[in-house]
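Please open the model in your viewer and keep the selection tool at hand. The stops below say what to select next and what is there.

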Number of protein chains: 2
Amino acid sequence: MKLSQRVQTCELSPMRKFHPFAVEAQAKGRKIYHLNIGQPDIATPQVYFDAVRNFADPVLEYAESPGVPSYLHAVQAYYARLGAHYDESEILATTGGSEALSIVMQCILDPGSEVLIPEPYYPNYATFIRAACGRVCPIPTSPEEGYHYADRAKIEALIHENTRAIMITNPSNPTGVTLTAEERQMLLDVAREHDIYLICDEVYREFFYNGEGLVTMGALDDPNGNLVIIDSVSKRFSACGARIGCLISKNKALMAEAMKFCQARLSVATLDQVAAAALYTVDQHYFDEMRLEYQRRRDTVMEKLRTIPGVTCRTPDGAFYLMAALPIDDADRFQQWLLTDFEDHGETVMFSPGHSFYATPGNGVNEVRIAYVLKEEDLSRAMDLLALGIKAYQKAIL
Amino acid sequence: MKLSQRVQTCELSPMRKFHPFAVEAQAKGRKIYHLNIGQPDIATPQVYFDAVRNFADPVLEYAESPGVPSYLHAVQAYYARLGAHYDESEILATTGGSEALSIVMQCILDPGSEVLIPEPYYPNYATFIRAACGRVCPIPTSPEEGYHYADRAKIEALIHENTRAIMITNPSNPTGVTLTAEERQMLLDVAREHDIYLICDEVYREFFYNGEGLVTMGALDDPNGNLVIIDSVSKRFSACGARIGCLISKNKALMAEAMKFCQARLSVATLDQVAAAALYTVDQHYFDEMRLEYQRRRDTVMEKLRTIPGVTCRTPDGAFYLMAALPIDDADRFQQWLLTDFEDHGETVMFSPGHSFYATPGNGVNEVRIAYVLKEEDLSRAMDLLALGIKAYQKAIL
């Protein structure tokens with residue numbers, strides 16, 4: 001029995017592939033500090049659980065294929081407050097941001113089509129692109145330049161006849177890089193001039209530490225419908241397990257094709273959509289507190305990182321991730337070693353090895369992504385474990 | 001901006017594409033009897049809502065990528081009771097049966113690969129196959145033969161080097177056809193002899209009216225792992241809006257590839273999985289009542305259909321659908337007319353036009369799929385409306 005060629009080019013998630021080693025380490029009694037996965041520890045707002053509890057229909061029916069009206073309306077109103085005026089018909093509910101990505105790639109990519117993505121990038125993008133028979137064309141960056149990618153000349157040099165889209169995450173997972181207003185406009189201009197899509201994953205919008213406030217590409221003038229926004233309640237409301245996201249675009253042709261997939265999979269989970277709509281009633285105070293909490297966490301991580309000799313990392317402005325180059329040979333090998341051979345007072349640490357965030361072979365081998373999603377004291381201890389681990393590993397592999 | 005070629009070959013769902021006309025008809029005060037969509041009206045078991053209400057974690061976290069352990073265990077135990085012995089690692093939780101289908105097609109199809117499917121078939125299969133760059137190769141059947149397809153010679157004549165799988169639904173959506181024990185074994189034998197997958201969508205397992213009891217292909221000996229089972233809680237527990245299904249196979253290579261997609265989309269909704277696990281504790285009595293109810297509904301529909309001159313339909317044995325050939329020119333045109341030009345005491349009826357259930361151009365044009373998912377008295381009235389509609393339509397188009 002044959003397997004598809006493209007699935008064999010896809011990889012397991014670098015955030016999840018060390019799970020079996022973690023299970024073994026835990027079985028040996030190890031405590032693991034998880035900096036490998038973007039699972040926030042902030043409580044999900046109570047309105048979510050209240051909405052679920054108050055659901056009173058006796059039959060849990062399919063929702064409408066484009067989404068539950070109350071959820072679409074909540075998303076529409078939220079964007080309007082950010083100066084992005086969408087019609088509810090320009091929003092499709094999806095099973096997390098993941099399904100929105102999968103659908104848009106299926107809609108726009110033919111075999112051999114390319115998507116420009118700044119690397120390092122969220123590795124699952126590559127899986128969705130390959131599943132849709134496309135290829136990732138990386139926009140190179142470096143740890144020394146703080147992973148800055150918004151350079152018109154660099155990007156335009158990579159656009160050719162097979163390029164269908166530029167895809168970015170703002171604020172970025174995994175680097176925490178945020179775009180300036182000029183850079184946002186430039187990216188849309190480039191997409192317009194070359195008649196390609198600009199796909200913006202904005203799921204980390206609320207996590208910014210540069211004082212700029214909430215921004216969305218959707219507030220820019222987009223007469224041709226180049227822009228596609230990917231969004232989700234996962235990070236915004238610490239509701240990752242809801243799997244509720246959306247696909248937003250003024251591009252009627254694209255949205256008509258996307259609807260075919262939405263109808264084919266029938267609907268998104270009903271209860272979770274109803275509860276996600278309720279999340280959008282959460283008070284601004286929730287976000288202000290959350291942002292300050294993550295800003296403190298970022299500062300804790302950066303402070304510790306600066307004290308580890310040989311680490312390269314610029315302070316990022318957004319999301320709850322950062323990439324750092326470590327003074328080690330191979331982050332995959334280092335991570336496995338941390339789980340199998342290292343402990344300090346019975347504790348160890350997990351992060352995501354960097355090379356899977358790159359399409360260019362050999363890049364990112366000594367880099368890691370750190371998700372700062374733990375309480376400050378735990379983060380502090382986790383970073384100390386990283387420092388101790390690096391020292392011990394350097395000694396062990398000599 | 002370009003759209004992918006294959007998305008343009010996909011179609012809107014025939015079950016959902018008349019929705020705008022239905023909305024208009026309702027705005028004019030029409031009552032519509034919906035026989036177009038497989039949305040059961042049976043109450044979802046209370047244990048589902050109880051499980052959701054009792055969920056006490058403060059953070060709604062991502063679930064494990066392969067699925068919540070309690071859900072995987074519930075599915076494993078359910079299959080064991082049917083004589084199908086799977087390890088929990090041979091089961092992956094999916095967002096409905098739809099995602100299971102999408103994942104398996106992505107895993108096994110290359111551009112130009114073919115999947116043999118008896119036609120008429122569930123139209124969304126074609127979308128999942130086309131999205132994965134494959135093609136549907138129909139196994140032809142006829143209304144006169146009751147849509148019987150399990151004919152070894154007919155099937156083997158269609159297998160060639162690009163054939164990757166045979167895909168069936170048992171009991172069938174849209175025809176209600178069920179397979180005998182000999183036919184089930186024959187299909188697996190054919191798949192084994194030709195080294196291709198046999199994908200069995202068994203989501204209607206509980207809906208059988210032939211006295212045979214619950215059957216699964218999974219109970220057959222499958223040493224090479226040819227078999228892939230698609231399942232879901234949607235119909236079994238009248239929980240369509242939960243979007244909880246699974247992908248089951250002993251094929252380790254296939255399951256390893258499927259895991260890449262499961263990790264890429266991170267997880268299936270947490271609350272719905274926890275609640276789906278609870279559904280599997282439902283008493284046998286629930287299913288016995290449900291089966292008898294649907295059997296009465298089927299009988300009501302068949303009794304009425306037999307009285308309409310020019311209708312061809314054999315009594316189906318399973319699921320809650322049937323296909324019928326009507327004495328009309330074009331079921332699409334007829335359906336639209338029923339919504340725009342017909343009413344009897346302010347009421348009209350919807351079904352799914354047949355041609356979208358066929359890959360062969362021109363086939364099924366005068367056929368409809370009827371989902372008997374309403375109470376008997378409503379079904380009876382809906383069938384009377386169909387009879388009246390046919391008469392009036394025949395007159396109107398002369």
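The tour goes from a cavity to a helix, then to aromatic pairs and a strand.

Bear in mind that this is a predicted model, in which local features need pLDDT of at least 70 and side-chain atom pairs count only at pLDDT 80 or more, while totals for chains, interfaces and linings use all residues. Residues are numbered from 1 along each chain as its sequence is written, chains are lettered from A and ligands numbered from 1 in the order in which they are written, and side-chain values use heavy atoms, with hydrogens and water left out.

Begin by selecting Glu99(A), Ser102(A), Ile103(A), Glu99(B) and Ser102(B), which lie nearest the centre of the largest cavity, among the 25 residues that line it. A cavity here is a set of points on a 1 Å grid over the protein atoms alone where a 1.4 Å probe fits but cannot get out, and lining residues have an atom within 4 Å of a point.

Now turn to the aromatic rings, where a search of the whole structure finds 42 aromatic pairs over all chains, a pair being rings of Phe, Tyr or Trp (its six-membered ring) with centres within 6.5 Å, called stacked under 30 degrees between planes, edge-to-face over 60 and tilted for the rest. Select Tyr204(A) and Phe320(A), an edge-to-face pair at 5.3 Å centre to centre with 90° between the planes. This pair ties together parts that are 116 residues apart in sequence, because Tyr204(A) and Phe320(A) lie in separate loops of chain A. Tyr204(A) is buried, at a relative accessible area of 3%, and Phe320(A) is buried at 0%.

Finally, select strand 10 (residues 347-350) of chain B, where Glu347(B) and Val349(B) on one side and Thr348(B) and Met350(B) on the other are all buried. Four bridges join this strand to strand 1 (residues 31-34) of chain B, running parallel, and strands pair if DSSP finds at least two bridges between them.

Methods:
Buried means under 20% relative accessible area, exposed over 50%, partly exposed in between (1.4 Å probe, protein chains only). Helices (H or I, at least four residues) and strands (E, at least two) are DSSP runs, numbered from the N terminus. On a 1 Å grid over the protein atoms alone, a cavity is a set of points where a 1.4 Å probe fits but cannot get out, and a pocket is an open set with protein on both sides within 12 Å along at least five of seven lines; lining residues have an atom within 4 Å of a point.
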